[in-house]
Amino acid sequence: MVGRRFLGISVLGLALSATGCGGGEQAAPVPTLGTLAPATTATVAPTTTEAAVVADTVAEDGGATVEVDTTTSIGVATTTTIIGWAGPVHPLTGLPAVDGNVDRPALVVKVGNNDSKSLPQVGLEDADVVYEAHIENGVTRFLAVFHSEVPVRVGLVRSARSSDIDLIGNLNRPLFAYWGSNEGVGAEVEQAIGLGTFVGLTTNGLGQHLFFRDASRGESPYNGFLDAAAAASAATGSAPDPIFAFGGLPASAVPTRGVRWIAPRRDIDWVWDHVSARWLRFHRGVPLVDADGFQLAADNVLILYVDYRTSDADLLSPQVISTGSGDGWLLRDGTVTGVTWSRPFLADGWALADDDTGSPVYLHPGRTWVALARLGEGVILDPSQVAELTG
């Protein structure tokens, strides 16, 4: 983990520029900023599982195949908190900000998860919040929110979707980096930029010099990266407000080992790991491992049951309805709690209440992944299913 991230540094106040080499085909730049070890997430807990790397492929006939490439070791990052800390905390994680609050806007990056060519992702493990939503063809795509820490680079960067615009409307005008879009989504994004919802960074507009392709990752569009360190350093603006409330374990929490999100073409599992005290991500039956060999993990997993409609900009693309209210599950500390979520307006954070008592429900301080699932797509794993995943 050490040596992969930068931050905790002051923002340099450089102005973003639309000038440059033109996004897309230049070689990888030398990282702009050095990497500092974070104060709140540090150690690595090796798992005992003989892991495999998933490689799912959407076949030309529309079916899906799975290829498995065996590897020998895997690590899991742990989150370290400071007992009795009374100082400032990071707004999106609730973790101690030992160097003071970070005064910069959030950086949001659209990250691919389409098929085996999207794997492994780079930098995703450093995100404070990761949204995962349905896209076309029965697969999902990530929207990673970085603030307390920013990796040197993030990839693989992919195109925007209509769902993204509303999801990041509560982050106090963040930077939104994406690799283009179709014409309809592009018009929606430009409208949101005009309304001041976020600052757009893309390959043919503002910040295009921050994007590059890495030929070692294969062919376009599966090799796009963002110089995230440079993007964060050049950002001007304000830090986001909290979008979740952090606190103690709900009284109604029930111990559980894991949960499965059954998407049309993939099963996504989260399993509680007692060693790292985090939820481990599995993808189509095997650990989802990043480019550094760490299994992606979270301190909180929110399964929010939401509605989808067809995007006005793309009739093949589902668009999540992320305001209103609905049911869900909160996974934290090896437990599950049934919740009701609410978010009346785009600028509001997520409020959670116990679905039996109506009492407020809080997240554990740390990193959070949010699965935006359709009703009926989530199931609690039984011991045999957990054993199949963990070996």
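This is a predicted model: local features need pLDDT of at least 70, side-chain atom pairs count only at pLDDT 80 or more; totals for chains, interfaces and linings use all residues.
Local features need pLDDT of at least 70, side-chain atom pairs count only at pLDDT 80 or more, and totals for chains, interfaces and linings use all residues. Residues are numbered from 1 along each chain as its sequence is written, and side-chain values use heavy atoms, leaving out hydrogens and water.

View 1. Helices (H or I, at least four residues) and strands (E, at least two) are DSSP runs, numbered from the N terminus. Val185, Gly186, Val189 and Ala192 are buried (under 20% relative accessible area; exposed is over 50%, partly exposed in between; 1.4 Å probe, protein chains only). They sit on the same side of H2 because they cover an arc of only 125° around the axis (taken from the directions from the axis to the C-beta atoms). The face turned away carries exposed Glu183, Gln191 and Gly194.

**View 2. A salt bridge between Lys117 and Glu219.** A salt bridge puts a side-chain nitrogen of Lys or Arg within 4 Å of a carboxyl oxygen of Asp or Glu. Here the N to O distance is 3.5 Å. Both residues lie in loops, so the pair ties together parts that are 102 residues apart in sequence.

**View 3. A salt bridge between Arg281 and Glu132.** The N to O distance is 2.6 Å. Arg281 lies in strand E18 and Glu132 in strand E7, so the pair links parts 149 residues apart in sequence. Arg281 is buried at 0% relative accessibility. Glu132 is buried at 2%.

**View 4. A salt bridge between Arg367 and Glu149.** Their closest N and O atoms are 3.2 Å apart. Arg367 and Glu149 are both buried.
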